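Please open the structure in a viewer and keep the sequence panel at hand.

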Amino acid sequence: METYIKINKSATAPQVYDWNSINWRKIYKYVKKLRQRIFHAEQLGQTRKVRKLQRLMIRSKANLLLSIKRVTQINKGKRTAGIDKMIIIDDNERIKLYNLIKNYNVKSIKVKPAKRTYIPKKNGKLRPLGIPIIKDRIYQNIVKNALEPQWESRFESISYGFRPKRSAQDAREQLFLKLRRGTKRQWIFEGDFKGCFDNLNHDYMISCLDNFPYKKTIVEWLKAGYIDNEAFNETITGTPQGGIISPLLANIALHGMEEELGVRYKKSTQGYYLDSNSIGIVKYADDFVILCKTKEEAKSMYDRLKPYLEKRGLALADEKTKVTHISDGFDFLSFNVRQYKTIRGMVLLIKPSKDSVKKAKQKIREVFIKYRGEQIGIIINKLNPIIRGIGNYWSSSVSKETFKAIDYYIWTKVKRYLKVLHPNKPWKWIIKKYFSKDIHGISTSKWLLTDKSIKNCQLIKMIWIPIIRYQLIKYKNSPDDKTLEEYFMKRDEKEFKRNNILSRQKLAKKCKHQCRICNQSLFSEENLKINQVVPKVLGGKNVYRNFEILHENCYDQHQKLLIKYGGNSQLSKIKKFFDDRQIEPSSKEGMKLMKEQFKRFKYNC
């Protein structure tokens, strides 16, 4: 076997010459354990130990490697350049970058201004984004891994935006629990901060980081300014949207609303619950609602919030802040929350809001416009992920009627598209060419759009997506709590089932919902790919038992190594290993041995 890169087993100082030689399993494990130690020390009030562990995290080369991977491979903005126009797109560039900055000192880095760009908002206005350069994004992720677990132990249980393993569905489910039948909190104070990210007070944010050893660097990021139309602008307030650490800093600054408004909890054998005489709050980033018993109490929130807002340099957005009765309903995070009068009494229903339905139809319409005149298979392959994505987001609410409405809307668009595609053909001819029975075996419908020239290419229906109630995250539970690893593993399994088709669910169950290469949960922001356990060069067959599901980056790493050693004697040795034992590589026993052989030859450990 030709010389291959051997990884130093100390994850804090790996010797890296080839990006694909990195054992991400060890890297992830080291950073995760260090985060857990910071979280635990903060819970125990061990301030000095927290600072010591944070320094260790920021100096860690494992944290640096993980940050480079996140910024250049995983994050959605990986191909967006800062003012230096630099992007990292291949493995050789990642290695060069690592070797260039591996001896970094976060306290002495030279911070560059962000690049100002604009994206459209729902109301037609533009949202300003500040895009830091690649290096600053990497350093920000390094600092975030040190600062986030400390604050995860402090954050309020009702805060759900931009936090690990907390989502908009959690916020919506929390609302349902606090407003369901029998509640006395029927008056809603709908709140929204005016330009939250742009107006947060720097002095207040810095005061919250009093014991953090690298707060001066955070100050430099806050004061770095931005370049807009080739002109430099200072940043006196706010934290730029687009920076990796910005959402965390915003959450830190917004922390403390419950304490300011006097929210009270009681403890029971089953955990904590809201005091019956207390107001309730649900917060997602800069959107929040306060649940009150009377209209007067709800209106008093304008004055009661003033001290909280003044400290942080914020103000309420007049057009979005109002007091509403639950029977009139209100929109929150693309859902409409409202109590309806029925024969059995008042019932709370949470449905997709009119704006979110309108936005979904617009997204579908854009596909038909963009791919006008293309083969129907292209339309199907573009629409199916949109239908699944929107349907899965709505699937834990009362949305069956909305699903039917979207399906009917798609049907009208398909019908019009086919008539334009074949203007001189009769409708019977179009039906025979493009419609067939359900190949998935879910329904008995014969009117499903199908491209018969492509295998298994058929348009799905949103109505097929089952309505499954979402499981709310418990109180202050955090993935940085070592004692809750099994709890979050089970949650990830449930969410993976909700968000993936049956074939992927079966493959994920085989590997216990973890990626074989990096040993991380398959339910994450990373894309997934199907891989052959036994490759074709070793006699692998296209059968179900020979497939597995991996993260996209792990799949790429796996394939590059196979290509690199495809003509090498190493693969011949593996093949001989199976021939000598008369074991079929694609058998259950063979695949288990194959994984062990690949582990040895890939990482040389």
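Strands of a sheet pair through backbone hydrogen bonds, either parallel or antiparallel.

Before going further, note that this is a predicted model, in which local features need pLDDT of at least 70 and side-chain atom pairs count only at pLDDT 80 or more, while totals for chains, interfaces and linings use all residues. Residues are numbered from 1 along each chain as its sequence is written, and side-chain values use heavy atoms, with hydrogens and water left out. Helices (H or I, at least four residues) and strands (E, at least two) are DSSP runs, numbered from the N terminus.

Now select strand 12 (residues 335–342), which is joined to strand 13 by eight antiparallel bridges. Within this pair, F335 has P352 of strand 13 as its bridge partner.

Strand 1 (residues 114–120) pairs with strand 2 in the antiparallel sense over six bridges, and R116 stands opposite G130 of strand 2.

Select strand 3 (residues 187–192). Five of its six residues are buried (under 20% relative accessible area, with exposed meaning over 50% and partly exposed in between, for a 1.4 Å probe and protein chains only). Strand 3 is therefore largely enclosed by the rest of the structure. Six bridges pair strand 3 with strand 9 (residues 287–292) in the antiparallel sense, and four bridges join strand 3 to strand 10 (residues 322–325), again antiparallel. Which residues face E190 in these two strands? E190 stands opposite V289 in strand 9, and its bridge partner in strand 10 is K322.

Display helix 3 (residues 61–74) together with helix 5 (residues 134–152). They pack at an angle of about 125 degrees, with their axes 9 Å apart. Helix 3 is therefore oblique to helix 5. Angles under 35 degrees count as roughly parallel, over 145 as roughly antiparallel, 65 to 115 as roughly perpendicular and the rest as oblique. To view the packing itself, show N63, L64, S67, I68, R70 and V71 of helix 3, which meet I134, R137, I138, N141, I142 and N145 of helix 5.

With a relative accessible area of 32%, K165 is partly exposed.

A285 lies in the loop between strand 8 and strand 9. This residue has a positive phi of about 55 degrees although it is not a glycine. Is A285 buried or exposed? At 8% relative accessibility, A285 counts as buried.

D275 is placed in the loop between strand 7 (271–274) and strand 8 (280–284), and it counts as buried at 10% relative accessibility. Neighbours within four places in sequence aside, D275 is in contact (heavy atoms within 4.5 Å) with R185, R264, Y265 and K266.

Finish with helix 16 (residues 376–394), which has 19 residues. From its first C-alpha to its last it reaches 27 Å, close to the 27 Å expected at 1.5 Å a residue; the expected span is 1.5 Å times one less than the number of residues. Among the buried residues of helix 16 are I376, G377, I380, L383 and W394.

From G377, turn to S453: the two are 76 residues apart in sequence and 8.4 Å apart in space, C-alpha to C-alpha. S453 is in the loop between strand 15 (448–449) and helix 19 (485–499), and at 64% relative accessibility it counts as exposed.

How values were computed. Pairing = 2+ DSSP bridges. Axes fitted to C-alpha atoms, helices over the stretch in contact; angles between N-to-C directions.
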